[in-house]
Amino acid sequence: AERVYLIVPPEAQEWARQSGLLTPPQEYDILQASTAGSTSDAQISAPEMLATVNGTVTLEGTANGENFAFYRLLTGKGLNPRTWLQIGEDITQAVNQGQLGAWDTQGLDGLYTIQLQVVRDDQRVESDLLQVTVDNVPPQLSIVSPLDGQETTSRAGQITLAADAQDNLGIQLVEFYLDGKLLEKRYQSPYAISWQSHPGLHSLRVVAV
């Protein structure tokens, strides 16, 4: 079933709740293994459930058991994929707590589901599912205040340090470092802090995760 939600800024969350408006849930149910009674004979052990991955991902686990014929790895976009793409070829060598295969995530971003299928000689199939977030795009980050090389003065000695951070999946946090030392962290926009300044030449570094 599909449902439409209203996205509101953090300061309007309470107003939306009191008004009875539907806002997006912060959590979702994890899709469990598609084969009832899935055992350790068909299990993905790495990466961890809901891990954030990028580049080439090593998939580990177990694919063996009685009457083992072969196993295959598949991936699909989203929590409950409508279509699946196979990773590599069918593999006839059983694996016990080892490397199942490698998944090249280049060009992919967002929530993906990985599926392991273990096929028996009698065509029975056991499977295991794992959801991960693929993040191959780094955040875009710029320091907006002060500007590079700017001479800044303040009567009260307080100077605002501000940055602009954007990401296709979301910003977890922004860290402000002054002269190599961490000043503060910000977990939501606006990404700005007030610094009690002192005279001299200083170096500001900002990191977005």
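**Close-up views of a predicted model**

View 1. E126 and R120 are joined through their side chains by a salt bridge, N to O 3.2 Å. A salt bridge here is a side-chain nitrogen of Lys or Arg within 4 Å of a carboxyl oxygen of Asp or Glu. The structure is a predicted model, in which local features need pLDDT of at least 70 and side-chain atom pairs count only at pLDDT 80 or more, while totals for chains, interfaces and linings use all residues. Residues are numbered from 1 along each chain as its sequence is written, and side-chain values use heavy atoms, with hydrogens and water left out. R120 is buried, with a relative accessible area of 1%, and E126 also counts as buried, at 12% relative accessibility. For these classes, buried means under 20% relative accessible area, exposed means over 50%, and partly exposed lies in between (1.4 Å probe, protein chains only). R124 forms a salt bridge with D122, and the closest N and O atoms of that pair are 3.0 Å apart. R124 is partly exposed at 39%, and D122 is partly exposed at 47%. Salt bridges link D41, R120, D122, R124 and E126 in a network.

**View 2. The loop residue Q123.** Q123 is found in the loop between β7 (110-120) and β8 (125-134). Helices (H or I, at least four residues) and strands (E, at least two) are DSSP runs, numbered from the N terminus. Although Q123 is not a glycine, its phi is positive, at about 75°. Q123 counts as exposed, with 58% relative accessibility.

**View 3. Strands β4 and β5.** A salt bridge connects R72 and D90, with the closest N and O atoms 3.0 Å apart. R72 belongs to strand β4 (residues 68-77) and D90 to strand β5 (residues 85-91), so that the pair, 18 residues apart, links distant parts of the chain. D90 is partly exposed, with a relative accessible area of 36%. A search of the whole structure finds 7 salt bridges. Strand β5 also holds G88, which counts as exposed at 52% relative accessibility. G88 and L74 are 14 residues apart along the chain, and their C-alpha atoms are separated by 8.6 Å.

**View 4. The loop residue N67.** N67 is placed in the loop between β3 (56-63) and β4. N67 is a residue other than glycine with a positive phi, near 60°. At 38% relative accessibility, N67 is partly exposed.

**View 5. Two cis peptide bonds.** The bond from A46 to P47 is cis, with omega near 5°. P47 lies in the loop between β1 (42-46) and β2 (52-53). The bond from S145 to P146 is likewise cis, with omega near -5°. P146 lies in the loop between β9 (140-145) and β10 (158-166).

**View 6. The largest pocket.** This pocket has a volume of about 610 Å³. On a 1 Å grid over the protein atoms alone, a pocket is an open set of points where a 1.4 Å probe fits, with protein on both sides within 12 Å along at least five of seven lines; lining residues have an atom within 4 Å of a point. Grid points are joined across faces, edges and corners, and a volume is the space filled by probe spheres set on the points. The largest pocket is lined by 23 residues, and P146, Q150, T152, G200 and H202 lie nearest its centre. Its lining comprises 10 nonpolar, 11 polar and 2 charged residues. Ala, Val, Leu, Ile, Met, Phe, Trp, Tyr, Cys and Pro count as nonpolar, Asp, Glu, Lys and Arg as charged, and the others, Gly among them, as polar.

**View 7. The second largest pocket.** The volume of the second largest pocket is about 240 Å³. The second largest pocket is lined by 13 residues, of which T52, D135, G170, Q172 and V209 are the closest to its centre. By class, this lining divides into 6 nonpolar, 5 polar and 2 charged residues.

**View 8. R205 over the ring of Y177.** The charged end of R205 sits over the ring of Y177, 4.4 Å from the ring centre. A charge sits over a ring if NZ of Lys or CZ of Arg is within 6 Å of the ring centre and within 35 degrees of the ring normal.
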